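I opened my notebook to look a few things up in this structure. Here is what I wrote down, entry by entry.

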Amino acid sequence: MIPRIQKRGTRTIGLLYYLYGPGTHEEHIDPHLVASWDNNAADPGRDANATYKQLQQLLDQPLNNIDEADRPAKHVWHLSVRNAPEDRILSDEQWGDIARRMVAAAGIDDPDQGAGCRWAAVRHADDHIHIIATLVREDGYKPDLNRDAARVQAEARLLEAELGLRRVNKGDGTAAKRPTSAERHKAQRLGKDRASRDDLRETVRRAVAGATSETEFFDRLAAAGVLIRKRVAPSGDLLGYKVALPDDRNGEKEPVFYAGSTLSPDLSLPRIRQRFSGDGDTPDQDSGAPSDRATDPAPSGPAAARRRTATAAWETVLVIDGGQDAQVASQIAAAGEVLDALAKTSAAHTRAELREAAFVFERATRSHIRAERGHDRALRQAARDLVYSGPAFGRGEDGATTAMAIDMLFFLVTATAHWHAKKGHAQQAAAAREAAELLRAAYRTAADVPLSVLYQRGRRLSQPLRQRQAAHLRAAVPELAEQILAEPGWHALAATLADTESAGHDPAALLAEAAGRGELGTADSISDVLVWRLRRMADLPADATTMLNHDAAAAKGNGRAVPPATSRDNRPRRTR
């Protein structure tokens, strides 16, 4: 149940016309009263003799009891209460009781407090009601609406439990503002999947991902095609900014601008500057000159950037598991930047899931625990590398390292969900869990081909070689060995163990280190997880197609196994 207090107004009659009217898209059905302050108010919806003017005059009558100078500038209070789509349809009597409890909780009309305000609850759909009230009590005093929004939210949580409705996670005031109903309807009218507010929030988040200066940030915004309006002080200092989509216009055909702070609390210019201040060399904010880090060379390509992302993500999991709160908060915020950057540069077959994962995870990046910048450099650099390495292909080393990065990010996001849950951050924990499921779906798509290649190589291993890899497995993780051997992914892991051995590593020692990092309980396939950890730790190519060709050539020639090439050179590497 979502209660939402709308902006206060000045015209009771105007709101009544809307509530009883057909709606913007003819969506209002059978508008009628379900409750009122005296349970006897005129109902233009069901009573042919009642008029909107009569109901308006009854609601506004307390205004006549006070001097015009004492009347509130905006006396119309408006609350909408909406159930979830999957909730059962409530009766008029149930909605009437909900309305009475909401106005009592808000301080509009509490029977225990004596005189209250006049109000009416209108139902024009199965799933919600609207409550309109006049903000002057019967005795001429104004109601106490201190924290009315928090009080109606608390009442909604009680009603959900009592009526068996979907339980909404308690908020903490750090969520980004949702699109208004007018913004949603406008998007539908224009055939868009998201409201302009949501599209702009995503665009600004992508522009700030890994950026190290204001100049770079605004250059990225301009490159994304949005309109930018900067707010400059008389001294020339930049105070803030607004953005708009070129095709989002108001009734006067002017662009509809949104300030960064209204898109999300952490997208205000001062909060964005805090990200830059943690990057080592602080950019010159007055001149907008980028820091030295803004010119850091990017990796040689998308695959290298994804490897670096996987490493940074895995190291961050350890911080989240045992770091201080302010440090963890900064890492989680930077993880959001990485997801934005990965979604922006992903190939088409994983782009939709990654984009949605980044969109959902945005809610998990903020809480009342203030991030301590500077601890997030590795992740922010990874985001920067992703952006500047360019779009990735969906196949070859690009595609395989995408699967590797998603696999590591899944564990990072899962660790984030656990951390938020322990802190009592219900909405953030739920957002992280949802993002993890979207990453799981993206991973399955990205990993399908590279793991299939490794599976084929594992099936082609000779019996003695396969047995040797099984012995390494039992020596490294005896408690998990039989479970892993029974998984379909064991063949891919066996091939990877053979590759690590050919590259000069101790397979059992490397496997024990990979498994010792934990977080295996949330994986669909433990063997898959260990494959990517081993290939990253041993610096093996993520795409084993070339190795499959080497194997075939070796089998066709003298039968000797050919040592696989690493991602850098053919020299064996030892574990640390």
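Entry 1: Before anything else I needed a cut-off: a residue is called buried when its relative accessible area is under 20%. I also noted that this is a predicted model. Is threonine 350 buried or exposed? I found 0% relative accessibility, so threonine 350 counts as buried. I located threonine 350 in helix 12, which covers residues 348-361. Then I asked which residues threonine 350 is in contact with, leaving aside its neighbours within four places in sequence. My list reads Ala442, Thr445 and Ala446.

**Entry 2: the whole chain.** I stepped back and looked up the totals. The chain has 576 residues, and buried ones make up 54% of them. I noted 21 helices and 8 strands. I also looked at contacts between residues at least 6 apart in sequence: 73% of these join residues at least 24 apart.

**Entry 3: helix 3 and helix 4.** Next came pairs of helices. My reminder to myself: two packed helices are described by the angle between their axes and the distance between the axes. For helix 3 (residues 92-106) and helix 4 (residues 148-163), the axes come within 8 Å and cross at roughly 145°. I put down the crossing of helix 3 past helix 4 as right-handed. On the helix 3 side, the residues that meet helix 4 are Gln94, Ile98, Arg101, Met102, Ala105 and Ala106. Their partners in helix 4 include Asp148, Arg151, Val152 and Leu163. Sorting the residues of this contact gave me 9 nonpolar, 1 polar and 5 charged.

**Entry 4: helix 14 and helix 15.** I wrote "left-handed" for the way helix 14 passes helix 15. The residues of this contact divide into 18 nonpolar, 6 polar and 3 charged.

**Entry 5: helix 20.** How many residues of helix 20 are buried? I counted 12 of the 12, so helix 20 is largely enclosed by the rest of the structure. Names I jotted down from that buried set include Ile526, Asp528, Trp532, Arg533 and Met537. I checked the length of helix 20 (residues 526-537) too: from first C-alpha to last it reaches 16 Å, close to the 16 Å expected at 1.5 Å a residue. After helix 20 comes aspartate 539, and I noted its positive phi, near 60°.

Entry 6: I looked up aspartate 30, which is not a glycine but has a positive phi near 50°. Aspartate 30 is in the loop between helix 1 (12-20) and strand 2 (32-36). With 39% relative accessibility, aspartate 30 counts as partly exposed.

Then I went to arginine 147, another non-glycine residue, where phi is positive at about 60°. Where is arginine 147? I found arginine 147 in the loop between strand 5 (128-137) and helix 4. Its relative accessibility is 55%, so arginine 147 counts as exposed.

How values were computed:
Residues are numbered from 1 along each chain as its sequence is written. This is a predicted model: local features need pLDDT of at least 70, side-chain atom pairs count only at pLDDT 80 or more; totals for chains, interfaces and linings use all residues. Side-chain values use heavy atoms; hydrogens and water are left out. Helices (H or I, at least four residues) and strands (E, at least two) are DSSP runs, numbered from the N terminus. Buried means under 20% relative accessible area, exposed over 50%, partly exposed in between (1.4 Å probe, protein chains only). Contact means heavy atoms within 4.5 Å. Axes are lines fitted to C-alpha atoms, for helices over the stretch in contact, and angles run from 0 to 180 degrees between N-to-C directions. A crossing is left-handed if the near helix is turned anticlockwise from the far one by less than a right angle, and right-handed if clockwise. Ala, Val, Leu, Ile, Met, Phe, Trp, Tyr, Cys and Pro count as nonpolar, Asp, Glu, Lys and Arg as charged, and the others, Gly among them, as polar. The expected span of a helix is 1.5 Å times one less than its number of residues.
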